[in-house]
Amino acid sequence: MKPIDAHSTAKIKAKVTREEQAARELDHTEFAPGTRLTLIVFFLVVITSVPLIQFIAAIHKPERITQLTKGLKGLMPSSNRVHTAKGIVETVNLLPTGEEIKKVEDDWEQNSEVGETILPRVQSLMLKMGQGNEKAYLGRDGWLFYRSDMDYVTGRNFLNPAVMKRRTIAKDIQPDPVKGILHFRDQLAERGITLIVVPAPVKPSIYPERFSARYDQTSPVLQNPAYEEFTNQLVKAGILLFDPAPLLAGGKSRELQYLKTDTHWTPGAMEKVAAKLAEFTRQRVVLSPAMPELFMTVEKSVTNHGDIAKMLKLPEGQTTFPPETTTIRRVADRQGWWRPGTNSEVLFLGDSFANIFSAVTMNWGKSAGFAEHLSLALGLPLDKICQNDQGSYVTRESLSEELRAGTDRLAGKKVVIWEFAARELSCGDWKLLPLKLGTRKDAGFYVPESGKTIEIEGVVRAISFKPRPRSVTYHDHILTFHLTDIKSTQDPSASGKEAVVRAWNFVDDKPMPASRYSPGDTVRLHLRPWSDVEPDYGTLNNNGLDDERFNDAKQAWAATIEQAEQDDPPPAFPVNNPAPPQANQGNAGTGASTPSTALANDTPAAAAFRTSCGNKAADGDTLALSGKEGWLFIRGELRHIGVGSFWGDTAAKVSKATLPKNADPIPAIVDFNEQLKAMGIDLIVVPVPCKAFIYPEMLDGTTAAQRLDTPHQQFFKILGEKGVKVLDLAEVFSSEKAKPNSPLLYCKTDSHWSPYACEVTAKKIKELVGSPAWLKSRAEPFKTTTETRTITGDLASEGVTEELTPVRTSAEAPGATMDKGSPIILLGDSHTLVFHKQLLGTRAGLTDQLAVEFGIPIDDLGQMGSGTTPARKSLSDRFKNPDYRANKKLIIWCFTERDFTESTSGWAILKLVR
């Protein structure tokens, strides 16, 4: 037989696979001289260059390596899990899941120096070829679309049983949105709460013509094939469904409804939906009457790159998809920029469609989102839980966790409005979550040991009112927030506890990190006991939490100070156009006042002066206003004068209290007086008159033969009829001012009274008290001296000074006029501290003058800021010690008159002894 030619294999009809053929060809590959070595070197250079470049980058940016190694360590099981694993199943479970590995891969990609260098250039090349990437699709005329939105519109029926089964197996989720929504509705219904569902349409549903030429502007709204069946099932089950899609589609011929390069709607479209949703809600749920004058709006232009444009990862400075500019309307209430109200009848749950124009991190502005404009349209405060992404469950999960921990976020709610992106219907997890109210753990409030600083992480649940810098007379301000779900590697005993934390809102008029906190934020802090810093910070201007259950909690201090970004000042509300009364605001509590709108013994001069002060206060937003001859007046004082009556049913219209129930001063003052009387302690209320009432001629030239503070005279009379002893200083000061060559009673350039006014007040208080049996004066009286002082007032520009003379000053050493064991407590605001505790000097303030008059040291309990509720809370803290309160006989409660309306903490009724 003739041998087979090696080159005649093509004639053999044997079956040869592609792999076998490739292997044979590789076996016979021939290389030119040096080619093999060149390829090997090139290959080695390529595979070693990536880690080398990353290593070099790490030298300059070590945080990248920290991030990468952190993710890698997260995939490794803890030693405890390894040691306790039993059997094959538990051992296999030690391995990371596919999702965990994918997350680490994504983190590595995000932090890759090579990726950051190469990807933008590759994407630019793909863009020239008409291609987007795995997240962003190119539309027509510069429009961009999010892949998940496209998948929702073009995908399979999300209610198809086979589709849902496949999703369940792939991700272990509950894929049926109808089932999840009904379960949520039924649990709310058990508490008498209505649910309204709002699926926010995705961009391709409204603008298919911006993606494909097959459609035009008259094309119907595009939804997933299951959408009609979904809405029919909800309606049949009695779910209240508000679908914004027809509204948005109908408006696109007049104005843009979505941002061209972003996933979300425009401000105008969002506001239109909010207005219609408010109308829809009021037609179906009985809510309190609208109070539109609670709110104001301020237009602001914002410019930003759309989130889809950012997904393309194009080089810096690219011009293919430039930033978009739009106009938002920021919403403000009477306390500042809008914030959630936990006591509202309405709870709003939302995702990024609600957060855009609201969440700072989205870079489209703030205080102008869906919740804010829904609140504006309803004319009511609104509570909200909002978080970007996963709107199918993440906000419900947050609500469920709060309830389980014993915080009843649903208390007082009449309706829950649940907004989520429509794409969640096909890709979201509609897990069934319980809404069962648990009991508060006995773990208590966490405070580190004295002298220790502990790093913790927790979730902000509530936060006190945050005035903006330069809106109050002091350059430093402290806020308070409630922290839950605490974790700490430094102190395991903190795990699971909650805390009441104080932190800087601003320092030297510079905002600090806590000024940006909102309920729901996860924060990392360094905590110390508040008691460790109270001697230094205890008298500073601060705001506490409105919730009374935090009154007895020991507090912590957030030690870290970093700079936060500056925000625009909120608008000033016109005082001549006050908001209507709050609905359902009874006058519960001891000594509730009665409605009072007419002023007894009013005069045309007093009425005209109130109007003038109100107009001046509303014209601008600076802290101080200039009067005549260098006199300066604080704007809040003029606003207070302008509102007229401020008690009874009028209180809720004009007060800046964050809780309307705390707007009326009378119930709180009467209750405080009666509690003290039951303990055998006398109370004298000493409101410091507004400077403009005593020196109106220095404000605008007003002269009057009679007093101008008609509302205050009537208010003090009501208190007197209810058994409260009030020292009416306006009458005292007017008489003193009329004396020839009388020294000034107020500083020309400061918001406080003068040392001479403190002296006059102390003498009058001693005259009222007399010489009771409990008063045992020192054998040696306090000696005094007279001097002249030069000050720069808190309302003046730097370098502007004024002289105060004569000043009666205690000749004793600073602090000699104070004693916590004294039977007399001086309680109040900074008027008790000025000229006494390093505020424009020492030894000449009200405490010192009282000590001179009574002949004994005084227990000084004054603090910066409001002397209303915060001051009484400080007293309550001290009264927990029975030995402290045992010998107390007299409390002198001194605070500025403007706090009757300007205090954001208001006039809460507090129990002094629990």
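Q: Let's start with a charge and a ring: at what distance from the ring centre does Arg 502 lie over the face of Trp 530?
A: In this predicted model, Arg 502 is placed over the face of Trp 530, 4.3 Å from the ring centre. Another such case is Arg 284, whose charged end sits 3.7 Å from the centre of the Phe 280 ring.

Q: And rings with rings: how many aromatic pairs are there?
A: Ring pairs are judged by the distance between centres, within 6.5 Å, and by the angle between planes. By this rule there are 37 aromatic pairs. Take Trp 647 and Phe 715: their ring centres are 5.6 Å apart and their planes meet at 45°, so the pair is tilted. This pair links distant parts of the chain, 68 residues apart, with Trp 647 in the loop between helix H22 (635-643) and helix H23 (651-654) and Phe 715 in helix H27 (residues 710-721).

Q: Is Trp 647 buried or exposed?
A: Trp 647 has 0% relative accessibility, so it counts as buried. Phe 715 is also at 0% and counts as buried. Both belong to one aromatic cluster, whose members include Phe 672, Trp 893 and Trp 907.

Q: Now a sheet: what is the order of strands in the open sheet of three strands?
A: Strands of a sheet pair through backbone hydrogen bonds, either parallel or antiparallel. Here the order is S5-S6-S7, with antiparallel pairing. Strand S5 (296-304) and strand S7 (336-337) are the edge strands, each pairing on one side only. Nine bridges join S5 to strand S6 (residues 324-333), and Val 298 stands opposite Arg 330 in S6.

Q: Which helix packs on the sheet?
A: Helix H17 (residues 370-378) does, touching S5 and S6, and its direction makes about 50° with that of S6.

Terms used
Residues are numbered from 1 along each chain as its sequence is written. This is a predicted model: local features need pLDDT of at least 70, side-chain atom pairs count only at pLDDT 80 or more; totals for chains, interfaces and linings use all residues. Side-chain values use heavy atoms; hydrogens and water are left out. Rings of Phe, Tyr and Trp (its six-membered ring) pair if their centres lie within 6.5 Å; planes under 30 degrees apart count as stacked, over 60 as edge-to-face and the rest as tilted. Helices (H or I, at least four residues) and strands (E, at least two) are DSSP runs, numbered from the N terminus. Buried means under 20% relative accessible area, exposed over 50%, partly exposed in between (1.4 Å probe, protein chains only). A charge sits over a ring if NZ of Lys or CZ of Arg is within 6 Å of the ring centre and within 35 degrees of the ring normal. Two strands pair if DSSP finds at least two bridges between them. Contact means heavy atoms within 4.5 Å. Axes are lines fitted to C-alpha atoms, for helices over the stretch in contact, and angles run from 0 to 180 degrees between N-to-C directions.
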